[in-house]
Amino acid sequence: MEQRLLAAAAAGRNHNQFPKSLNAFVSLISNPCTSDSTLTTTAETLISHLQSPNSNHQQILSLLSALSDHHPRLRREVVAAVKYFILLPSITIPALSHALSLLDPADSAALDLFSDESLFLTLCFYECGKIRKWLLRNVSIFRVRPSVLLTILLGFTMDPFPYIREAALDGLVMILNDGVVVEDRSLVGGCYFRAAELLFDADISVRRAAVSAVSEWGQLNVASNPDEYKRDLSDALFLQLCVMVRDMDVEIRVSAFDALGKIPTVSENILLQTLSKKPLLSTKEKIYPGQYTEKLSNIPATAAAFAFLHGLGDDFFQVRRSACRALQTLMVPSAEFACGTVDILVCMLSDASVVVRLQALETLHCMASHGHLKVAEYHLDMFFSILIDNDALIRSAMRKTLQFMKLQKLAMFRSCIENLIKNLELYPQDEADTFYALYRIGCSHRKFVIKIIQEVSQELEPSLDGKLGFNKVKSAGLFVLAISAPVSLERKTSSVPPQIFSYAVTLLGRICHGLVDVVDENTLLSYLSQCSRFTFTSTSENIEGGLLDFGLKYNRIHLHEKSNEVSSPSKTHGPSEFTSPLESHVKSVSCVKTIFQKIVDLWPLIQLGCMNEVARTLRSLKEETKLFTRDSHRPEGVIVFAMNYIHAIKLLGNAWAYSLSMTNLQLKGMGALEYLLGKMERGLTEMLYRYVGMTRNEELHILELMLVTYAIRLACGDTCHFEEYMRKLDFVLCSIEYLYKEGSFEISRFVTDLQNVSREIGNSEDKAVDMPYLLLNSLNLFSLQHIMLSGELKHLDAEVDVCGNDFRKPLPFVPGLPVGIPFEITLHNISSEIKLWLAISVGERSTQFVFLDLNEFGGSDEIRKFKFVAPFFRTHRVKHLVLKVSIGMESSSENRNLKRYNGPKHELIYLSRDTEVHLSMVVR
Amino acid sequence: MAIECLVLGAGQEVGKSCVVVTINGKRIMFDCGMHMRYKDLRQYPDFSLISDSGEFTSSLSCVIITHFHLDHIGALPYFTQVCGYEGPIYMTYPTKALAPLALEDYRNTFERGGEKAQFTSEHIAECMKKVTAVDLKQTIHVDKDIQIRAYYAGHVLGAAMFYAKVGDASLVYTGDYNMVPDRHLGAAQIDQLQLDLVISESTYATTYRDSKYVQEREFLKAVHKCVTSGGKVLIPSNALGRTQELCLLLDDYWERTNLKVPIYFSSGSTIQANLYHKILINWASQNVKDTHARHNALDFKNVRSFDRSLINAPGPCVLFASPGNLNGGFSLEILKHWAPYKENLVMLPGSCSNGIIGSKLMSAKIPTQIKLDENVKTDVRCQIHKLAFSAHTDGKGIMDLVTFLLPKHVLLVHGEKPKMAALKEKIQSELGIECCYPANNETVTIPSTHHIEAGVSDAFLQSCMAPNFMFWKTNVGSDERTPPILQVHDDRVGQGMLTLQNPRVFTQNELRDVLGVENHQVKFAHCCSAAYDSEVSNAASDWSPSTSQKNSLLQLLFGLVSGDFPDCIMHDCQKGIQVGSFVASLCSREECPSSNADALHFRCTWSVTEEELAWKVISLVKNVKLSREST
């Protein structure tokens with residue numbers, strides 16, 4: 001049978017009969033019993049067919065693919081034949097892509113083909129344009145040095161075929177997105193100006209690709225030039241893209257506006273020019289380098305004329321939305337520009353398209369939160385009609401914007417409140433959100449609130465038959481407004497009739513639901529009941545501040561009202577998120593400052609051992625802080641720091657409380673305390689090493705806390721680790737002294753005392769007896785200081801992941817042989833000087849370290865993302881292995897040298913969570 | 001080759017658009033409009049300039065009409081039915097549908113005035129039968145040489161810009177267009193084309209119009225204020241275009257603000273026009289297109305038709321009445337009734353020709369009295385508001401279009417002379433494009449592209465296919481501050497050579513074969529001598545060295561030269577020396593005038609490229625004195 005089939009297959013040598021012999025080939029290849037000699041003959045036949053120009057290469061390649069899959073020993077021959085075939089000048093595109101798919105870039109036999117660039121370059125310079133296009137679109141399968149690739153791509157932007165120019169431009173963008181760093185300034189400029197030339201290509205797809213290339217390379221061009229040119233280059237890039245906003249193609253217009261929105265700094269006069277058709281005096285004569293038309297290579301600043309208004313008035317909603325979105329970033333630095341756009345943005349609120357309305361609102365909200373939104377009376381109608389829009393998203397976005405608005409007149413405020421209540425009546429489902437808006441806007445217009453509440457207080461009184469009309473939505477709204485009115489806690493006076501507060505209590509649940517971000521139910525209840533006992537003051541008496549703020553007296557805190565700089569971005573309404581990074585940073589820093597202040601205030605309570613109250617407060621503080629992490633998937637360094645700090649203080653409080661009551665110690669033993677202290681120590685060490693940008697003060701603060709940890713431990717008689725902790729204590733004291741020598745600040749009494757104690761203990765003979773007493777004395781001197789955050793903190797962080805690996809999909813390994821584990825590693829804020837180790841551990845004891853040389857991987861210090869195949873050697877003969885992997889940083893300042901072979905010389909500070917890697921033995 | 005443009009109308013004026021373009025022997029007439037100010041034959045373009053004999057059918061290849069406004073189509077029935085043009089006429093589908101309405105409307109008003117129009121209803125109908133309707137972006141082959149294509153122009157329902165190409169020369173005639181979208185129509189939309197000429201309208205050549213949002217807000221504010229205080233609003237507007245635009249705006253505003261005040265259309269033609277707008281949804285703005293599946297925006301919810309009895313009915317209302325310029329008709333009648341009350345409002349269009357009621361109202365100070373005709377005067381106490389809307393593009397829009405199309409020439413029509421001059425200046429200075437604005441009946445000749453078909457050699461074709469790029473650094477722009485940047489060049493096409501007789505392109509390597517000539521090489525020659533000490537060899541005065549002596553002297557010289565030029569070789573059986581292409585061989589001519597007994601003479605030759613080297617060697621040879629001792 002086999003022979004017959006072989007004969008049939010061999011008959012196919014004649015190319016005309018090949019299709020007939022196809023089946024014979026398939027049978028021979030797929031049958032596992034086919035003899036080796038037959039297979040060899042089959043392979044030879046197929047390979048000879050492949051080399052003939054007239055055969056159906058696609059079919060033969062499929063057969064060869066099947067052959068090498070079924071019979072790996074023939075793989076080498078197949079690969080060799082395919083390599084030869086690829087280099088034939090007569091190759092066609094489908095065959096080429098098919099042939100290349102046969103070669104696995106990871107396969108050692110094919111590796112040289114993909115990695116030595118010669119194949120790529122040879123194919124690039126073929127006469128066939130289609131091959132070039134295919135290559136440029138599939139660059140990623142070849143291992144071409146970025147410099148070579150860049151040169152090739154730049155060269156192909158001159159190709160006469162538009163689809164190759166397009167592919168080359170796309171490739172140029174892709175290179176940048178892949179994180180390739182181009183340092184040659186003239187090359188960056190070359191790419192940028194070439195892309196700019198192609199903005200005037202006759203082919204739409206080329207123009208489209210050119211817009212994104214101009215955007216990306218333009219930004220790189222700005223960044224790679226010295227500071228004194230940056231502003232001009234940034235302006236030039238802006239103008240270059242402005243030229244494209246009048247293109248006839250919708251997509252080009254959209255991407256032009258998208259790209260405009262990515263330019264962070266633009267001169268104000270150019271921005272203002274985008275709002276006016278007439279050349280402004282400030283821009284009239286200015287000329288920037290760039291491409292104005294196909295032939296003119298200087299752009300006048302007037303090219304920006306009316307760009308945004310054209311975009312906002314475009315026929316296509318995509319363009320309008322994109323223009324609106326671009327405004328969001330561009331208006332941040334310029335209040336005047338923002339003012340100029342308000343009029344149009346307000347008009348956009350009546351746009352036919354929901355997405356545009358929503359985007360316009362977002363932009364307005366952004367404007368408002370930057371304090372750029374100046375509302376005129378004639379805008380209000382438009383604003384308020386949006387409050388009763390039948391799209392819930394729009395209404396919610398409008399309410400968010402309202403919260404930041406400053407209304408100049410009482411009439412404006414009144415109509416705002418009326419419309420919010422109308423919103424409430426029409427759409428009861430918005431109640432919580434509307435309450436919040438009422439509260440926020442009330443807080444920022446307190447004088448108006450007092451007036452309004454006094455006007456309507458009659459309405460809020462129960463009717464003659466004693467029934468309260470509280471089920472009325474309007475009353476509920478007004479109660480919320482009343483809560484936002486100022487009261488004076490000291491003088492026990494309020495500016496609204498106190499009975500209103502007691503009426504409001506009846507709606508506590510509903511109101512609380514709305515104000516959930518501001519206050520919890522208990523707080524609100526006690527606040528309301530407090531206020532209802534106040535005396536009413538006339539409006540002439542001006543009450544400032546003191547709102548919903550119970551401070552420590554009631555062991556509850558609310559932050560937002562305390563610090564004026566802090567405004568609340570807390571609640572997330574729907575999918576739209578408004579806070580810009582800059583804004584949220586400012587907010588988070590000021591919020592963290594307030595939190596730290598609160599923590600200092602907690603110290604007396606900790607000393608008294610009232611840990612329940614302290615814990616509750618700390619919990620709420622943590623919640624507050626968490627709000628800032630919701631906005632972005634990566635919280636800012638300062639927020640992470642604050643969370644760590646709060647946690648450390650909580651541990652400190654607990655430990656302190658523990659150490660206070662000796663009975664506790666006697667009952668429960670050292671175990672629990674040791675656990676707390678251990679945790680705290682780890683936390684503090686992390687805080688010390690995992691942040692870049694810490695000042696001496698901050699460092700000192702943490703070192704001091706560390707001293708407290710050690711002191712508590714030693715004071716409570718942890719005799720087992722006495723030596724170790726004494727050494728640690730000394731080390732920290734030395735560090736403090738070192739810091740002290742460097743900078744001018746005072747060392748606290750606690751530290752000086754501890755220094756003495758340490759010296760005394762060193763001299764003392766019976767250390768273990770004297771020590772606790774001495775240490776307790778110095779601990780009494782400790783008081784928590786306010787930690788001052790001065791700079792921007794960067795959190796060193798790492799993520800390590802093995803793509804697609806879990807217990808169901810383990811990686812295969814052969815016992816006794818090393819296995820390569822493909823890690824995906826993301827590093828944040830880690831500079832290349834830091835020594836990083838990948839710690840791979842099996843079980844508790846055995847850990848293998850792999851050094852990560854950051855210079856080998858691309859990316860910036862801020863974020864580095866790369867793939868890394870780490871070998872793991874200790875593959876024992878087990879069916880299944882679970883490895884725990886994490887990334888550690890070698891702390892250079894740690895005093896201990898670890899004698900370790902092939903591993904870090906110092907203690908590791910772990911930067912990532914443990915990731916589990918599942919391996920399973922290959923079963924033959 | 002040239003494009004010849006004969007401007008028959010709308011040259012340095014607004015009205016009776018008509019341009020006859022001759023390209024490569026083909027003549028196309030763009031638009032055939034009438035001037036509304038005249039009532040005699042002056043209202044038509046001077047067709048006799050096309051053909052003295054009146055034989056228009058043979059002298060024109062086709063007539064293209066951009067849209068149905070009378071200043072673009074008004075003369076067409078006259079031209080076809082009276083002047084007898086029988087050739088093809090092209091216009092878009094909506095224009096073909098709406099043109100009879102507009103023409104009929106004009107004829108009716110004209111005849112109502114007691115005069116006789118130049119064409120009849122039958123003429124209109126017959127004329128329309130000759131029209132070929134085209135679709136947007138559909139390429140029409142008028143004959144084997146002429147291609148035309150229509151592009152969306154905004155402006156009014158069915159308006160189009162036309163692209164025409166004859167042979168290699170191509171142009172775009174814009175007609176009237178709008179570069180920004182309004183509520184019912186989109187913005188003009190055209191491809192990037194290789195053009196020799198753009199003939200553009202320039203009605204608002206120097207105007208810069210504000211954003212449409214601002215215009216709309218002002219309009220709505222005025223209307224709102226009037227109706228909420230109980231007044232009546234009269235909006236004189238023509239049935240097509242403006243009415244729909246404002247209705248869309250008002251209807252939407254009414255919906256949003258929940259106003260219950262009625263909005264009226266005055267005439268039946270408005271309703272018919274509305275119908276066309278509703279049917280031709282494809283020609284509407286993107287917004288109308290996007291939403292029409294749910295709700296046709298032109299199905300106005302708050303708009304109904306007007307009844308005469310409502311003129312004096314109490315209560316506020318908004319009324320659209322034609323004609324737009326208040327020059328008689330229903331709108332004037334309403335004005336008589338409503339103008340005396342100060343709570344009422346009249347919305348005047350942005351521009352009115354001089355002398356008619358509209359312009360009088362615009363310049364009047366309220367309250368006043370205006371003359372409606374000879375005998376009738378009316379008090380005007382109502383408010384007057386000027387609309388800023390226009391369906392024409394403004395100066396910025398014209399610049400934007402020209403910048404996008406980048407033609408080699410621009411010709412401006414349909415505008416006022418001083419404004420056109422200003423725009424011409426701007427186009428020439430900012431974009432470096434030639435521009436002109438001829439007056440009526442003037443002819444302008446514009447050079448056009450002419451391509452020659454040429455064969456290619458295989459080698460050239462191959463060199464074109466393979467990439468061949470180079471990089472070098474150059475300064476970009478005039479800015480000296482920036483360092484020179486890398487520029488890429490790919491000269492594969494430019495490196496070919498073209499023979500003009502029997503045009504053919506080939507590569508440099510093929511040059512000799514193609515031309516059948518020898519390869520010539522330029523060589524330099526020079527005579528130089530190296531002095532030697534004659535005493536060393538012989539005392540005789542007429543001594544000349546023997547061959548062997550010469551050889552030894554040459555050896556001597558070779559030794560010296562090769563010291564300085566290491567790649568020097570002895571050449572040709574020791575008759576000379578060679579460095580690169582430089583060859584110095586012994587000169588044996590006895591009668592040489594420069595011959596000198598004490599010198600060895602050399603004939604030196606070298607190629608152009610090695611001139612510097614050659615002179616170095618020569619100067620070395622000249623300066624040596626060979627003597628036995630030196631060996």
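**View 1. A salt bridge in chain B with D196(B) at one end.** D196(B) counts as buried because its relative accessibility is 1%; buried means under 20% relative accessible area, exposed over 50%, and partly exposed in between (1.4 Å probe, protein chains only). The side chain of D196(B) meets that of K408(B) in a salt bridge, 3.5 Å from N to O. The pair links distant parts of the chain, 212 residues apart: D196(B) is in the loop between β10 (169-173) and β11 (197-201) of chain B, and K408(B) in the loop between α12 (395-405) and β20 (409-413) of chain B. K408(B) is partly exposed, at 45% relative accessibility. A salt bridge is a side-chain nitrogen of Lys or Arg within 4 Å of a carboxyl oxygen of Asp or Glu. Helices (H or I, at least four residues) and strands (E, at least two) are DSSP runs, numbered from the N terminus.

This is a predicted model, in which local features need pLDDT of at least 70 and side-chain atom pairs count only at pLDDT 80 or more, while totals for chains, interfaces and linings use all residues. Residues are numbered from 1 along each chain as its sequence is written, chains are lettered from A and ligands numbered from 1 in the order in which they are written, and side-chain values use heavy atoms, with hydrogens and water left out.

**View 2. A salt bridge between D314(A) and R253(A).** The closest N and O atoms of the two residues are 2.8 Å apart. D314(A) lies in the loop between α17 (307-312) and α18 (317-330) of chain A and R253(A) in helix α15 (residues 250-260) of chain A, so the pair ties together parts that are 61 residues apart in sequence. D314(A) is buried at 7% relative accessibility, and R253(A) is buried at 9%.

View 3. K129(B) and E126(B) are joined at 3.0 Å, N to O. K129(B) is exposed, with a relative accessible area of 63%, whereas E126(B) is partly exposed at 35%.

**View 4. Strand β16 (residues 345-348) of chain B.** L345(B) and M347(B) point one way from the strand, V346(B) and L348(B) the other way, and all are buried. β16(B) runs parallel to strand β19 (residues 383-386) of chain B, joined by four bridges; strands pair if DSSP finds at least two bridges between them. I384(B) is the bridge partner of V346(B) in β19(B).
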